[in-house]
Structure formats: C-alpha cells, structure tokens
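Student: I've got a model open and I'd like to learn how to read its features. Can you walk me through it?

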Amino acid sequence: MSTPTHPLPRVGLGLAALGRPAYINLGRTDQLPPGRDIEAMKGATHEVLDAAYQAGVRWIDTARSYGLAEDFLAEWLTERRPEDVTVSSKWGYAYVGGWRLDAEVHEAKEHSLDRFRAQWTESRERLGGVLALYQVHSLTADSPLFGDRALLDALAALADDGVRVGFSTSGPAQADTIRRAFELTAQGRPVFTSVQSTWNLLEQSAGDALAEAAEAGNSVLVKETLANGRLVVEPPPAIAAFASERNVTPDAVAVAAVLAQPWASTVLVGPASTAQLASNLGGAGLELGAGDLALLCGFRESATDYWASRSSLRWH
C-alpha cells in the first residue's frame with residue numbers, strides 16, 4: 001500500500017461503529033449503508049480502513065464484541081497486506097445481537113478464564129501474528145478478574161508470545177480501576193502494561209490516573225474521544241463557537257484536545273464513514289494553546305452525570 005504524506009503516529013482507528021449494525025454512537029445512522037447488511041458493512045469498513053491508512057493512521061482497535069469487525073479487518077489485512085499496522089483487540093464481551101437492529105441484548109459481558117481462552121483463540125485465528133495488544137474489555141472494580149489467579153496467570157502468559165496485555169475501562173470509577181489493575185502481578189511481573197480509557201472534554205475524571213500510568217511506562221489509549229458522538233451532534237455551545245471561530249468542526253476540536261494530553265499514547269477515533277474520518281482527523285493539525293485547553297476543559301461534567309447520560313443512549 002502507498003505511504004501517506006503525513007503519518008499520524010498517535011491516532012488510531014476504532015471499529016466499534018462499523019463492525020455491527022447497531023451501536024449507541026450519535027450521528028452514525030445517516031453515514032452507514034442502507035439496510036446495513038453484512039456485505040455492505042464490510043465494504044464500508046474497508047473504505048474507512050483504506051482512507052485511514054492513506055491518511056497515515058497505523059493503529060487499528062477492535063474487539064470480539066464488535067460484531068464482525070475482526071473478520072472485516074482480517075479480510076482487509078489479507079487483501080491489502082500492509083506491513084506497518086498495529087492491531088489491538090479486546091475480550092470479555094460477546095456479540096449476541098444476531099445482526100439485528102431490534103435485538104433486546106447486543107452484547108454479554110463475562111470476565112472468566114473460559115471466556116478469555118475461547119475469545120483469545122477466536123481473535124488469534126482471525127488476526128494471527130499482527131495482533132499486538134489484547135485487552136480486557138470494560139474492566140470495572142467489581143470484576144471477578146481481580147480475584148481470579150488462574151485468569152491472571154493466563155493473561156500474563158501472553159507476554160511470552162510477544163503480545164502485550166491491557167485493559168479498557170468504563171464507568172464513573174475509571175481512575176480507581178486503573179490504579180488497582182496496574183498493581184496486579186502474575187509470574188513475578190505486572191499483568192498489564194497498557195490501558196484504554198474514556199477521556200474527552202465532557203469526561204475527564206481518569207486524567208490523573210492515566211498520567212500516572214504513562215509516567216510508569218505503560219501505554220495509554222484514549223477511547224470515546226467524541227463522547228459517543230455527543231461532542232459532534234450536541235456539543236456545548238461554547239465549544240461549537242470555538243470550532244466555528246477556527247473554521248473547523250467540533251469533533252476536530254475534541255480530538256485536538258485529547259492529542260494535547262502528553263500522557264495519551266494513542267488517541268482513537270471511531271468514524272462510521274470516510275467523511276466522518278476526514279472530519280475527525282482535522283484535529284491532528286489543530287494546535288491548542290494553554291488558554292484554549294483551559295477554556296475547553298472547563299465544560300466537563302461530573303463522572304456520575306456523564307456515565308448516566310451514556311447509559312441512556314439507545315442502540316440504533
């Protein structure tokens with residue numbers, strides 16, 4: 001594949017919005033193929049992957065619960081044969097939506113040794129040696145993982161195969177989960193060396209814990225940079241005005257704000273189309289000064305309010 005003019009080493013592409021027909025992101029519906037059948041969604045995924053690669057994106061993040069995202073990605077990798085892509089995936093949720101928009105339940109969570117073994121086998125079969133980081137999906141402080149020694153040993157053993165082990169977080173207690181998880185050890189070494197957490201202009205509660213993780217040498221991936229589309233569809237008026245003054249879109253401002261955080265190793269965007277991708281990537285060229293960041297970060301919500309709002313979003 002051709003080399004881009006302007007590589008984006010800190011930007012990654014998440015496939016949550018493309019690998020399954022229904023998801024909670026706002027502003028997604030009119031960007032997807034009519035009908036959202038499997039072949040159409042695969043085509044849309046490949047178009048976004050092509051555009052992202054050409055733009056310079058080299059990190060791709062997926063999960064077992066993102067419908068057929070791993071399969072779509074695997075086919076793209078086989079067809080395009082890029083040699084410089086890093087792939088991360090996640091286990092712990094299973095997709096149970098049956099490719100239906102009206103499914104009562106779309107994914108089921110289970111942090112068990114059996115679920116890990118099954119999903120690791122599935123991910124490895126699809127992504128092979130290109131899979132560089134495998135993460136526990138949506139770890140929270142009440143997860144049975146923290147007391148499951150056999151599971152922790154199995155996770156730590158992935159490092160022997162050259163695969164980094166990480167975890168993603170969700171919920172208002174992200175910071176506590178991050179600090180607790182990085183204390184876990186197995187086989188005389190830390191279980192985790194990477195974290196993927198939500199941080200955006202509306203939800204900043206994990207910032208200090210993520211800075212500590214980076215200072216300790218761990219990788220920090222940032223997800224939900226656009227607050228599941230809220231910062232695009234319904235941004236605070238002052239953020240929209242800030243974007244307008246600089247002749248960019250609100251999503252570009254939101255992405256730029258995350259890229260401005262020195263502890264963020266990889267900043268994930270999750271577009272549903274090439275148009276959304278191009279708009280998101282506008283943030284990579286937007287420089288924000290200290291005063292700009294102080295203004296923008298002043299619109300944060302309480303973690304409790306943010307996650308309550310997120311929980312109310314419908315799958316559509």
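Tutor: Let's go through pockets, a helix, aromatic rings and one serine in turn. This is a predicted model, so local features need pLDDT of at least 70 and side-chain atom pairs count only at pLDDT 80 or more, while totals for chains, interfaces and linings use all residues. Residues are numbered from 1 along each chain as its sequence is written, and side-chain values use heavy atoms, with hydrogens and water left out.

Student: How much space lies in the largest pocket?

Tutor: The general idea: on a 1 Å grid over the protein atoms alone, a pocket is an open set of points with protein on both sides within 12 Å along at least five of seven lines, a cavity is a set where a 1.4 Å probe fits but cannot get out, and lining residues have an atom within 4 Å of a point. Points are joined across faces, edges and corners, and a volume is the space filled by probe spheres set on them. Here, the largest pocket holds about 790 Å³. It has 44 lining residues, and Ala16, Tyr23, Asn25, Glu224 and Asn228 are the closest to its centre.

Student: Which element gives the most to that lining?

Tutor: Helices (H or I, at least four residues) and strands (E, at least two) are DSSP runs, numbered from the N terminus. H10 gives the most, 4 residues. Strand S6 (131–139), strand S12 (266–269) and helix H12 (303–311) are also among those supplying at least two.

Student: And how many cavities of 30 Å³ or more are there?

Tutor: The count is 1, and the largest cavity has about 40 Å³ of space. Among its lining residues are Leu13, Tyr53, Arg58 and Trp76. H1 and S2 are the elements that give two or more residues to this lining.

Student: Which residues of H2 are buried?

Tutor: Buried means under 20% relative accessible area, exposed over 50%, and partly exposed in between (1.4 Å probe, protein chains only). In H2 the buried ones are Ala69, Glu70, Phe72, Leu73, Ala74, Trp76 and Leu77. An α-helix has 3.6 residues a turn, so residues three or four places apart point the same way. Contact means heavy atoms within 4.5 Å, and what covers the buried residues of H2 includes helix H1 (38–55) and helix H3 (113–127).

Student: How many aromatic pairs does the structure hold?

Tutor: Rings of Phe, Tyr and Trp (its six-membered ring) pair if their centres lie within 6.5 Å; planes under 30 degrees apart are stacked, over 60 edge-to-face, and the rest tilted. There are 10 pairs. One of them, Phe116 with Tyr134, is tilted, at 6.5 Å centre to centre and 50° between the planes. Phe116 is in helix H3 and Tyr134 in strand S6, 18 residues apart. Phe116 is buried at 3% relative accessibility, and so is Tyr134 at 1%. Phe167 and Phe182 have ring centres 5.2 Å apart and planes at 65°, so that pair is edge-to-face.

Student: Last one: is Ser138 buried or exposed?

Tutor: Ser138 is in strand S6, and at 10% relative accessibility Ser138 counts as buried. Leaving out residues up to four places away in sequence, Ser138 touches Tyr93, Lys109, His111, Ser168, Thr169 and Ser170.
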